[in-house]
Amino acid sequence: MSVYLENMDPLISYDEELFNRLTSARNTDELHDAKCAVLRDFHDIYTFDASDAEFPEPVGHFDDEGEKIKFIRKKISLQDIAFYLGSVYKKYHYIVYQTYNRLPEIELKRLTIDYNEIYRKAMEDYIAALVTGGQHAVTASFVLPSLIEQGLGVTLQNRMLFKCIMQLNDLTEEEKKVIEPFLHNDKVLFYGTEKFSMEKSYRLFVEKGVLKNAPDNEMILTGLAQKEKKKLPRTLGRLLNSNFAKEEIRPEYLELLKNFFVELNIRNCIMHGLGETFDYLDIGLVAIMFQMLWDIVECEIFKD
């Protein structure tokens with residue numbers, strides 16, 4: 001079930017073109033534009049391959065033709081992600097490390113779990129694989145999906161929280177107390193669960209008409225929503241499928257995130273070892289996830 005390419009030269013040439021866009025950027029704005037351009041081009045590549053590429057007839061049982069086509073397109077998507085995007089980011093990160101002797105350092109929120117320590121472990125693993133030419137960075141593969149979920153969840157929650165606060169006016173003294181902890185940089189200790197701590201804010205925003213009362217919004221802001229007597233905890237899939245994510249995240253980034261974590265379900269494939277037809281621990285996938293995490297932390301994935 002591997003891919004055989006008859007025309008390798010155009011692929012290699014185009015891969016170099018995308019890589020050069022990143023390395024030739026002279027400032028952060030140009031680098032951001034280059035990243036977005038690479039993602040848009042990748043979408044065009046996958047769209048073309050999904051409609052034009054010849055794929056070997058898969059061996060096995062399929063209930064119908066639709067199931068077989070879905071399987072083939074998933075394989076094409078996986079391999080396009082690894083061959084194009086994975087190789088571009090991996091080479092780019094290697095050049096950055098060779099130039100500066102480090103990769104981006106980020107400070108993650110200290111919660112019950114020290115995510116900074118976990119991030120450092122993943123980074124050490126990735127750098128070792130880059131330097132030695134390894135095909136796997138196993139620790140990073142298992143760690144990064146959780147860091148991405150944590151980072152995206154906190155960032156979307158903060159954006160929703162402060163966008164709603166900025167629209168509030170004519171508050172009573174009691175209502176002001178609800179948002180007061182979020183208006184200062186002082187450390188505030190919330191007792192109870194996240195749902196308990198954020199529930200009053202959510203209800204205030206809904207009552208004041210600055211936020212629609214919807215399960216997705218409640219899930220993002222409080223970490224847990226109720227829909228038809230079902231509890232919906234905040235998950236990466238629900239975040240990416242929410243209307244707020246569609247409004248806030250640049251389409252090229254949202255498409256990649258949804259393709260990666262929803263349609264291909266790469267996180268579960270890594271966690272449960274579902275690698276029958278693809279190496280889900282491939283370092284190219286790790287390179288993509290690191291770039292995703294850095295761009296989330298730097299808010300580059302958002303429209304403004």
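The model is a predicted one, and its protein chain has 13 helices and 2 strands. Of the 304 residues in the protein chain, 46% are buried.

**Contacts across the chain**
- Take the contacts between residues at least 6 apart in sequence: 65% of them join residues at least 24 apart.

**Where H5 meets H8**
- Helix H5 covers residues 138–167 and helix H8 covers residues 215–222, and their axes come within 8 Å.
- The two axes cross at roughly 110°.
- Crossing angles of 65 to 115 degrees count as roughly perpendicular, so that's the label for H5 and H8.
- On the H5 side, the contact is made by Leu156, Gln157, Met160 and Leu161.
- H8 brings Asn217, Ile220 and Leu221 to the contact.
- Sorted by type, the residues of this H5 and H8 contact come out as 5 nonpolar, 2 polar and no charged.

**The cavity**
- Look for cavities of 30 Å³ or more and you'll find 1 in the structure.
- The largest cavity holds about 90 Å³ of space.
- Its lining is made up of Leu39, Phe42, His43, Tyr46, Glu252, Glu255, Leu256 and Asn259.
- Helix H2 (28–52) and helix H11 (251–263) are the elements that give two or more residues to the lining of the largest cavity.
- By type, the lining of the largest cavity splits into 4 nonpolar, 2 polar and 2 charged residues.

Methods:
Residues are numbered from 1 along each chain as its sequence is written. This is a predicted model: local features need pLDDT of at least 70, side-chain atom pairs count only at pLDDT 80 or more; totals for chains, interfaces and linings use all residues. Side-chain values use heavy atoms; hydrogens and water are left out. On a 1 Å grid over the protein atoms alone, a cavity is a set of points where a 1.4 Å probe fits but cannot get out, and a pocket is an open set with protein on both sides within 12 Å along at least five of seven lines; lining residues have an atom within 4 Å of a point. Grid points are joined across faces, edges and corners, and a volume is the space filled by probe spheres set on the points. Helices (H or I, at least four residues) and strands (E, at least two) are DSSP runs, numbered from the N terminus. Ala, Val, Leu, Ile, Met, Phe, Trp, Tyr, Cys and Pro count as nonpolar, Asp, Glu, Lys and Arg as charged, and the others, Gly among them, as polar. Axes are lines fitted to C-alpha atoms, for helices over the stretch in contact, and angles run from 0 to 180 degrees between N-to-C directions. Angles under 35 degrees count as roughly parallel, over 145 as roughly antiparallel, 65 to 115 as roughly perpendicular and the rest as oblique. Contact means heavy atoms within 4.5 Å. Buried means under 20% relative accessible area, exposed over 50%, partly exposed in between (1.4 Å probe, protein chains only).
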